[in-house]
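Q: Can you walk me through this one? I'd like the quick tour, then some detail.

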Amino acid sequence: MTAHSHPARPVFLGQNQYGKAENRVVRITRDGTTHHIKDLNVSVSLSGDMDEVHYSGSNANVLPTDTTKNTVYAFAKEHGIESAEQFGIHLARHFVTSQEPIRTARIRIEEYAWERIETPGEDEHSFVRRGQETRVAQITYDGSSWEVVSGLKDLTVMNSTNSEFWGYVKDKYTTLPEAYDRVLATEVSSRWRFHWSDDAQQAPDWEESYAQVKKHMLLAFAQTYSLSLQQTLYAMGARIIDHRDEIDEVRFSLPNKHHFLVDLKPFGLKNDTADGAVYYAADRPYGLIEATVLRDGCEAKIPVDLTNL
């Protein structure tokens, strides 16, 4: 940096990044009359030797964000979209290796799932948007090592029994009655980090891995007799680590979607869980349970605040 370009005051530039956020790209692949859809929301963030553009406004090292947008669409055609993770890997590698000032590329992707509408005819080109969850991925590359964090959000699940909550601390502000048969519901937000970090390593099968992680997550939720949402969270993370060798770390953010028994005594009605009950599904406030589950010997790298991902 030239001497005159730095402001003559005790101020300096810290972490910075730039790129084009939320590029919606839909790739349709045709296999005869059978079509396949990949629907992504891709955000590109680049960092590196960008001091001058901040200090003096010189754009000499700046790849326009409009160019990054164009690259997303061109790569969708040129490389296809095998998976969100693989598409992000192609993009991150391109930006870091093609632009000397760019040292790190971070690609964040949301994926929206579609399922085929089965029809009596031969044509298979009609789809309905699947609303169960949004798949997410974050791919970071610094020219030598990779970090891939996949995940999901907005996956709402419920156990209508096999959940209790009692034996907790009670003080003068405690009014909550102990529950020995309650509804347990949550909206899962989860991220998991792969130990794949080097091109020399065999990359995971990203699509199969996602399907298996979700399967084990749901099985653990369904099969854990829960004395607390924390216990269920740990069971979900532990089952993923136990069954998926490619994953070293899982983090969950689980809002407790409270279901309160309605007091029907004023109407002469009993409202017992044993014979089927009526609940009030509360919107807010909600308990928020968050934790990381790690493979033994591994270090936590997923940010504690998932909104920072």
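**Helix H5 and beyond**

A: Start with helix H5. Its buried residues are covered by elements that include E8, helix H4 (206–223), strand E9 (247–256) and E12. Bear in mind that this is a predicted model.

Q: Which residues of H5 are buried?
A: The buried ones are Leu229, Thr232, Leu233, Met236, Gly237, Ala238, Ile240 and Ile241.

Q: What span should H5 have, and how far apart are its end C-alpha atoms?
A: H5 covers residues 229–243, which is 15 residues. At 1.5 Å a residue, the helix should span 21 Å. Its end C-alpha atoms are 21 Å apart, so the two agree.

Q: Zoom out. How many helices and strands are in the protein?
A: The protein has five helices and 12 strands.

Q: And what box do the C-alpha atoms fill?
A: Roughly 80 × 65 × 40 Å, taken along the principal axes.

Q: What share of the residues is buried?
A: Buried residues are 40% of the 309 in the protein. The accessible surface is about 17,400 Å². Carbon and sulfur atoms hold 50% of that surface.

Q: What about contacts between residues 24 or more positions apart?
A: Take the contacts with a separation of 6 or more. Residues 24 or more positions apart account for 67% of them.

Q: Salt bridges next. How many does a search of the whole structure find?
A: The search finds 20. One of them pairs Arg24 with Asp39, with the closest N and O atoms 2.6 Å apart. Arg24 lies in strand E1 (residues 23–31) and Asp39 in strand E2 (residues 34–48), so the pair ties together parts that are 15 residues apart in sequence.

Q: Which residue meets Glu85 in a salt bridge?
A: Arg135 does, at 2.9 Å from N to O. Glu85 sits in helix H3 (residues 84–98) and Arg135 in strand E6 (residues 134–141), so this bridge ties together parts that are 50 residues apart in sequence. Glu85 has 0% relative accessibility and counts as buried. Arg135 is at 8%, and counts as buried too.

Q: What does Arg135 do with Glu111?
A: Arg135 forms a salt bridge with Glu111, and the closest N and O atoms are 3.9 Å apart. Arg135 lies in strand E6 and Glu111 in strand E3 (residues 102–112), so the pair ties together parts that are 24 residues apart in sequence. Glu111 is buried, with a relative accessible area of 10%.

Q: Which residues do salt bridges that share partners join into one network?
A: Lys38, Glu85, Glu111, Arg135 and Glu207.

Q: Change of topic. Where is Asn159, and is it buried or exposed?
A: Asn159 is in strand E7. With a relative accessible area of 12%, Asn159 is buried, because the cut-off for buried is under 20%.

Q: What does the Asn159 side chain reach?
A: The backbone oxygen of Phe221, at 2.9 Å. Leaving out residues up to four places away in sequence, Asn159 touches Arg182, Val183, Leu184, Phe221 and Ala222.

Q: Now the backbone. Which residues have a positive phi although they are not glycines?
A: Asp154 is one of them, with a phi of about 65 degrees. Asn162 has a positive phi as well, of about 60 degrees. Most residues other than glycine have a negative phi.

Q: Where are Asp154 and Asn162 found?
A: Asp154 is in strand E7 (residues 146–159). Asn162 is in the loop between E7 and strand E8 (184–194).

Q: How accessible are they?
A: Asp154 is partly exposed, with a relative accessible area of 38%. Asn162 counts as partly exposed, at 38% relative accessibility.

Q: Last one. Where is there a cis peptide bond?
A: A cis bond joins Arg284 and Pro285, with omega at about -5 degrees. Pro285 lies in the loop between strand E11 (279–281) and strand E12 (287–294). Most peptide bonds are trans.

Key:
Residues numbered from 1 in each chain as written. Predicted model: local features only at pLDDT ≥ 70, side-chain atom pairs only at ≥ 80, totals over all residues. Heavy atoms only, no water. Helix = DSSP H or I, 4+ residues; strand = E, 2+ residues; numbered from the N terminus. Buried < 20%, exposed > 50% of the residue type's maximum accessible area, 1.4 Å probe, protein only. Expected span 1.5 Å × (residues − 1). Contact = heavy atoms within 4.5 Å. Polar contact = N/O pair within 3.5 Å; in protein donor to acceptor, adjacent residues only side chain to side chain. Salt bridge = Lys/Arg side-chain N within 4 Å of Asp/Glu carboxyl O. Areas by Shrake-Rupley, 256 points an atom, 1.4 Å probe, with all protein chains shown as cover.
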